[in-house]
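Me: I'd like to learn how to read a model like this one feature by feature. Could you walk me through it?

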Amino acid sequence: MPLDKPPPRENRFGSPLELSRVHWVRPEVVVEVTYLTWTEGGLLRAVSYQGQREDKPARQVVRPIPSRT
């Protein structure tokens, strides 16, 4: 599992997460999306696909950390 800690077993989709049924993959394609906000559960809200990007390798993509002003 490529995560520091396992994802929560409860989710908003109703059925509990079964780690034995999860298939981890390596990111290969980078896409650009716009979104309204992040939820407390770490999901994106109101996502819209903008297109594929070829200017950045998938390994360089990280979640942006909002700056406090």
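Here is the walk-through, feature by feature.

Reply: Before we start, note that this is a predicted model, where local features need pLDDT of at least 70, side-chain atom pairs count only at pLDDT 80 or more, and totals for chains, interfaces and linings use all residues. Residues are numbered from 1 along each chain as its sequence is written, and side-chain values use heavy atoms, with hydrogens and water left out.

Me: Fine. How many helices and strands are there in the protein?

Reply: Helices (H or I, at least four residues) and strands (E, at least two) are DSSP runs, numbered from the N terminus. Here you get zero helices and four strands, so to speak a β-β-β-β pattern along the sequence.

Me: What share of the residues is buried?

Reply: Buried means under 20% relative accessible area, exposed means over 50%, and partly exposed is in between (1.4 Å probe, protein chains only). Buried residues make up 4% of the 69 here. The protein exposes about 7,000 Å², with carbon and sulfur atoms supplying 51% of that.

Me: Which residues form a nonpolar patch on the surface?

Reply: Patches are made of residues with over 30% relative accessible area and no salt bridge; like charges are joined within 9 Å, and nonpolar side chains (Val, Leu, Ile, Met, Phe, Trp, Tyr) within 5 Å. In this model Val 29, Val 31, Val 33, Tyr 35, Leu 44, Val 47 and Tyr 49 form one, with about 590 Å² of accessible area together. Take Val 33: it lies in strand β1 (residues 30–34) and is partly exposed at 31%.

Me: Which side chains meet in a salt bridge?

Reply: The rule asks for a side-chain nitrogen of Lys or Arg within 4 Å of a carboxyl oxygen of Asp or Glu. The count comes to one: Arg 53 and Asp 55, at 2.8 Å from N to O. Arg 53 is partly exposed, at 29% relative accessible area, whereas Asp 55 counts as exposed at 58%.

Me: What about aromatic pairs?

Reply: Rings of Phe, Tyr and Trp (its six-membered ring) pair if their centres lie within 6.5 Å; planes under 30 degrees apart count as stacked, over 60 as edge-to-face and the rest as tilted. The structure holds one pair. Tyr 35 and Trp 38 form it edge-to-face, 5.9 Å centre to centre with 70 degrees between the planes. Tyr 35 is partly exposed at 32%, and Trp 38 is partly exposed at 28%.

Me: Where is Ala 46 found?

Reply: Ala 46 is in the loop between β3 (44–45) and β4 (48–53). Its phi is near 55 degrees, a positive value in a residue other than glycine, and Ala 46 is exposed at 53%.

Me: Last one: which residues does Asn 11 touch?

Reply: Contact means heavy atoms within 4.5 Å. Leaving aside residues up to four places away in sequence, Asn 11 touches Pro 16 and Leu 17. Asn 11 lies in the segment before β1.

Notes: Areas by Shrake-Rupley, 256 points an atom, 1.4 Å probe, with all protein chains shown as cover.
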